Amino acid sequence: SIYMDDMVSSFESTEKAAIAANQVHTLLSSASMHTHKWCSNDPHALSLFPPEDKVNSDTVKILGQVWNLVTDKLTYKFAEISDEELNKTDTKRTFLSKAASVFDPLGFLSPFLLMIKLLFQKLWICKMNWDDKLTPEFQIDWCKFKEQISQLNSIELNRQMMLPKPRKNCYIAIFCDSSIKSYAACGYLVVQYEDGTTTSSLIYAKTRVTPIKISTEPDTDISIVRLELLSMLIAARISSYIKTAITPKLNIKSFYHFSDSMINLSRLKRGFSSYKQWVGGRLKEVSELTDVDTWYHVPTVDNAADIASRGLFNVSELLSHKLWFNGPNFLCEMEPELWTKISPVVVSTKQTSLEEKEIEIVKLLITLVKTDNVSPMLNRYSNWMKTIKFFCYILRMGYKPHTLFRNKIITVKE
């Protein structure tokens, strides 16, 4: 893919990478566009390029992340915060400026960054002006997170999500969950190798805070279930996005979608047409973006999205969170066919009080109108003989061979 004026791509072998690099260079050179800043984790892939067109450093920055060419790992490089800045009272403007500087396009830092999003939502509810200083209580909470931002630089992620050995099958597993404050979804690439081993890696995640109306006026019976449905919706959108981005380069055998909301899974299996507009519309989009039969129930303890929907207060917790970066153990320990049997979805036929509120009740109003077509025709003529002749012509038209005597005089028999 090309982002602004940089091109980023990956290949399974050094030979393929070298051929592609040469083709790109030739193509752009034909348009008088000089290519430079070439870099690769394998120097042999760029052997055709002169040293002045290559990167002289062991690290390069790609979309907010730092790629170490030697270790082939992705890290982050956020600026250290000085004691002076840490002790300084922020305003709404400087708070947002610092929070927005933490760029995480793939969502790997979502559990920690969610807490900053929730802080900003609280700040928005207070209706402060942009240059108003934060309250002492809010400043203390913000400093707890601000001083940890530089600790995110300790996170190291493997650039290669697959080991360099023969593969057998590839699967995508997507999890979604919600809390009263936020909802989230995350996707994992599960790779089975011919030697019998399996790996699982986080490839994309997204979190969203709940609407302010739900935060200030919670109606738990309705809001939690609806938020779970919203998490399923962004999981379906992530599934569609991953399918578009990965499928051209990697053969994915199957997609699996997991939620711990049995109510919404039952709704999805039952069909969207039975529900009111809000629920039905979102169920419809989920069913259009994904296959309904690929949705399964997962216990909360194994739901990796639960971490992103609740958030983590400390970066140290995120650093060592295996469930977040690698998903639940059953992804690597069980065959995909058995994932679906961990907790089967039960489609209930009984309507609970909560379900009755969302079921669409269709009311029909039928009006029977009686019409008399004969009376207007009888009153058409004031002469009785003309009326008789009029009905005779009508009866003639109902007789199929009426063309044989269309212009003949009406007989007494008629």
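User: What makes a residue one that W324 touches, and which are they?

Analyst: Contact means heavy atoms within 4.5 Å. By that rule W324 touches G107, F108, S110, P111, C186, Y188, L202, A205, A304, I307, A308 and L318, leaving aside residues up to four places away in sequence. This is a predicted model, where local features need pLDDT of at least 70, side-chain atom pairs count only at pLDDT 80 or more, and totals for chains, interfaces and linings use all residues. Residues are numbered from 1 along each chain as its sequence is written, and side-chain values use heavy atoms, without hydrogens and water.

User: Why are helix 4 and helix 5 called roughly antiparallel?

Analyst: Helices are DSSP runs (H or I, at least four residues), numbered from the N terminus. Axes are lines fitted to C-alpha atoms over the stretch in contact, with angles from 0 to 180 degrees between N-to-C directions. The axes of helix 4 and helix 5 (residues 136-146) come within 10 Å and cross at roughly 160°. Angles over 145 degrees count as roughly antiparallel, under 35 as roughly parallel, 65 to 115 as roughly perpendicular and the rest as oblique. Helix 4 and helix 5 are therefore roughly antiparallel.

User: Which residues meet there?

Analyst: F112, M115, I116, L119, K122 and L123 of helix 4 meet F138, D141, W142 and F145 of helix 5.

User: What about K37?

Analyst: K37 has a relative accessible area of 48%, so K37 is partly exposed.

Notes. Helix = DSSP H or I, 4+ residues; strand = E, 2+ residues; numbered from the N terminus. Buried < 20%, exposed > 50% of the residue type's maximum accessible area, 1.4 Å probe, protein only.
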